[in-house]
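Me: I am new to this structure and would like to learn how to read it, one feature at a time. Could we go through it together?

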Amino acid sequence: MKVSVFYKVLREGFVLIVFYGITIVYGQGKSDFFDVSFRESKECSWRWLNKLENADINSDSLENGGFLKINYKQISWHNRNMGFALGNHILCPNCVRTSDKLEISIPVLCNSDGIVVLKAVGFSEQEEVVFTDSVISKRETSWQKLQLNITKSYSVYISVIYYGNTLGNQVVKLSPLQFSCNEKKVEPLNPIFSTVKKDNFNPIQAVEIVPLDIASERGFPVNKTFDRVKVVGLGEATHGSVTIMQSRLQLVKDLVTNYSCTLVLLEIPFDVVLLLDQYVKGYGDNKTRLIIVEQLKLLFSEENTVMPLIDWLREYNSKREAKVSVFGIDNPSPISQFMLMDYFRELLGVEKSLIYLKLLMNGEIVDAKKIAENDENLRHKLGSNEFQYCMYMLDELINPAYSLENRDANMFKRYHHLYSLFVTQKESAAILAHSGHLQKTPLTYPSGQHKTLGSYLYEVLGDKFFSLHFTVGTGQTLQDSCGSPRKVYQDISKPVFGSFESYALSLDGCDYFYYPTSKLLSPIHWMLHVGRNSLEYFHYTIGNLQRRHDGVVFIKESKPILKPFAGARPLHHFELLYNKRKEYKSLLSGYKGESETW
């Protein structure tokens, strides 16, 4: 049975490449901080933009007609309906935080039978949903006003969504959003950017601060913090910081050494790191390590952030009979076919993996799994639990169903399966991912609220799940460039007054410390949250720090990860694809009796 799994994954994976890590964040500097007038509509950095399908933004129309114009754009390789989704999380004016209603309206015009939807989700100061409503435009070609009334909300997530068709002359015009309380025009509250002074109120209590030392053997010297915890989430406020990487590695060492952590899970495509677990358990040599490093180059400089952890775990496991396991739990890469071929060849050698290589070269993963199920040599090489996971992983690749919307749900399913195999009742697990995945509250997008990996874990484990937020006050990170595949160094945005980072920076002699969020003297509603592809974005997001995370590790200054390798990063998928196809074609054709045509 032949299944084009690779091409299915490539198609779904392409979406992940394009949109991976896109988050809704907030622009800086003008009186219209949240850009409710839609004036900062550069496609690569616009805070409102969530999704474009067969659509193009006309950024000149605001100057020429006072409205944002989005028109149909033909994409050569498909003929999909035009559509877009805009979304932004704003602070409500004071009038609506108590009793008054906030009227939100937007004039829209469509020249076809497409529809525009205005949606709003209101949140309390505790980041609980207190209001949700939507309104749909009529199918008419004249200007019409969409309006919603919001009540008793601290903040509101506003979405403008368009569902169109394939007509080439479609145009949607959006006038600026309008806000009013009791028929009086109001504006969203803009954040403050002044520095926290010594005499300002500070919710961080000095007596609760736990100083940390990067050179210490005990990375987290807090007695009994993790004694009852089954899963620790080590969330990073930003990818691309070597300082955060070093801090999280220090804590992983502590969890493994002192808190019986036997499973380490990474926000990395699970197929890319199949060899990692065998490598940390003593299998392979420097050649195996070089293959792993090559595969990690598919990711966001993970070769520089993951390998120090992997090398330490391999050394740690070499001295102990009970081994620590490490796996990826993110959706697979676009080239799973060749990741599997590397996996089987390294485990079994060329001769014994030949049947797998031939089948996988043709995309026949179903038949490869059938053979693997009865392969006693493979079962012996892997071990019982690792073999069960291998079958689970092959099943998932046979029936791929990946999207941004179910990404966290998929990560939770993989965590659950791996936890059941590799963690006993007295042991624990650690998960390294972006804080946005490990926060205990859902994330809101125009398509709705999406549960995070952390919210799934909290729902199942309660206080046995501990979410840590690693954040920084100043410095740089490595980031995707805007409109280019290159990686560049990016300055961290100036902290919002009232954010944890702003308060932490005002403390003397507190460059690196841990703080339990339960000990904050008042709620904190701004926090650093740097997503991928956010070079020109403002990096602070609205939320409730105490509800999202149990603790914060603060580092005063971030140093960026060194730029990975030369060349255009997205092309590396295709570069590796070409090289692997060429490599395996040559290997297979070199065996006598081979009559395959590639």
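Me: How many bridges join β22 to strand β25, and do the two run parallel or antiparallel?

Reply: Good place to begin, and please keep in mind that this is a predicted model. Strand β25 covers residues 551–558, and five bridges join β22 to β25, with the two strands running antiparallel. You can find the pairing by eye from two partners.

Me: Which strand runs parallel to β25?

Reply: That is β20, which is joined to β25 by seven bridges. Look for His469, whose bridge partner in β25 is Val552. So that you can follow the strand through the model, note that β25 is largely enclosed by the rest of the structure, because six of its eight residues are buried.

Me: What other strand is joined to β22, and by how many bridges?

Reply: Strand β13, residues 210–211, is joined to β22 by two bridges, and the pair runs antiparallel. Here Val210 has Tyr514 of β22 as its bridge partner.

Me: How should I read the two faces of β22: are they covered or open?

Reply: The general idea first: side chains in a regular strand alternate between the two faces of the sheet. In this case, Tyr512, Tyr514 and Pro516 lie on one side of β22, Phe513 and Tyr515 lie on the other, and all of them are buried, so to speak of covering, both faces have it. The strand spans residues 512–516, and five of its five residues are buried.

Me: Now the helices. Which residues of α14 are buried?

Reply: A helix has its own rule: an α-helix has 3.6 residues a turn, so residues three or four places apart point the same way. In helix α14, residues 453–461, the buried ones are Leu453, Gly454, Ser455, Tyr456, Leu457 and Leu461. Their cover includes β14 (231–236), β16, α12 (407–422), β17 (428–434), α13 (435–438) and β20 (465–480).

Me: What does Met393 touch, leaving aside residues up to four places away in sequence?

Reply: Met393 touches Phe270, Leu274, Leu340 and Tyr343. Remember some of those names for the next feature. Phe270, Leu274 and Tyr343 are also among the residues that line the second largest cavity.

Me: How much space lies in that second largest cavity, and which element gives the largest share of its lining?

Reply: The second largest cavity holds about 80 Å³ of space. Helix α4 supplies the largest share of the lining, three residues. By class, the lining has seven nonpolar, two polar and two charged residues. Across the whole structure, a search finds eight cavities of 30 Å³ or more.

Me: And which residues lie nearest the centre of the second largest pocket?

Reply: A pocket is open, whereas a cavity is a space the probe cannot get out of. In the second largest pocket, Tyr154, Phe497, Gly498, His525 and Trp526 lie nearest the centre, out of 17 lining residues. The space there is about 320 Å³. Its lining is made of 11 nonpolar, five polar and one charged residues.

Me: Last one: is Glu315 buried or partly exposed?

Reply: Glu315 sits in helix α7, residues 307–317. With a relative accessible area of 44%, Glu315 is partly exposed. Glu315 also shows how sequence and space can be read side by side: Glu315 and Lys281 are 34 residues apart in sequence and 9.0 Å apart in space, C-alpha to C-alpha.

Me: What does the whole chain come to in helices and strands?

Reply: The protein chain has 17 helices and 25 strands. Of its 598 residues, 59% count as buried.

Methods:
Residues numbered from 1 in each chain as written. Predicted model: local features only at pLDDT ≥ 70, side-chain atom pairs only at ≥ 80, totals over all residues. Heavy atoms only, no water. 1 Å grid on protein atoms, 1.4 Å probe; cavity = no way out; pocket = protein on both sides within 12 Å on 5 of 7 lines; lining within 4 Å. Points joined across faces, edges and corners; volume = space filled by probe spheres on them. Nonpolar A, V, L, I, M, F, W, Y, C, P; charged D, E, K, R; others polar. Buried < 20%, exposed > 50% of the residue type's maximum accessible area, 1.4 Å probe, protein only. Helix = DSSP H or I, 4+ residues; strand = E, 2+ residues; numbered from the N terminus. Pairing = 2+ DSSP bridges. Contact = heavy atoms within 4.5 Å.
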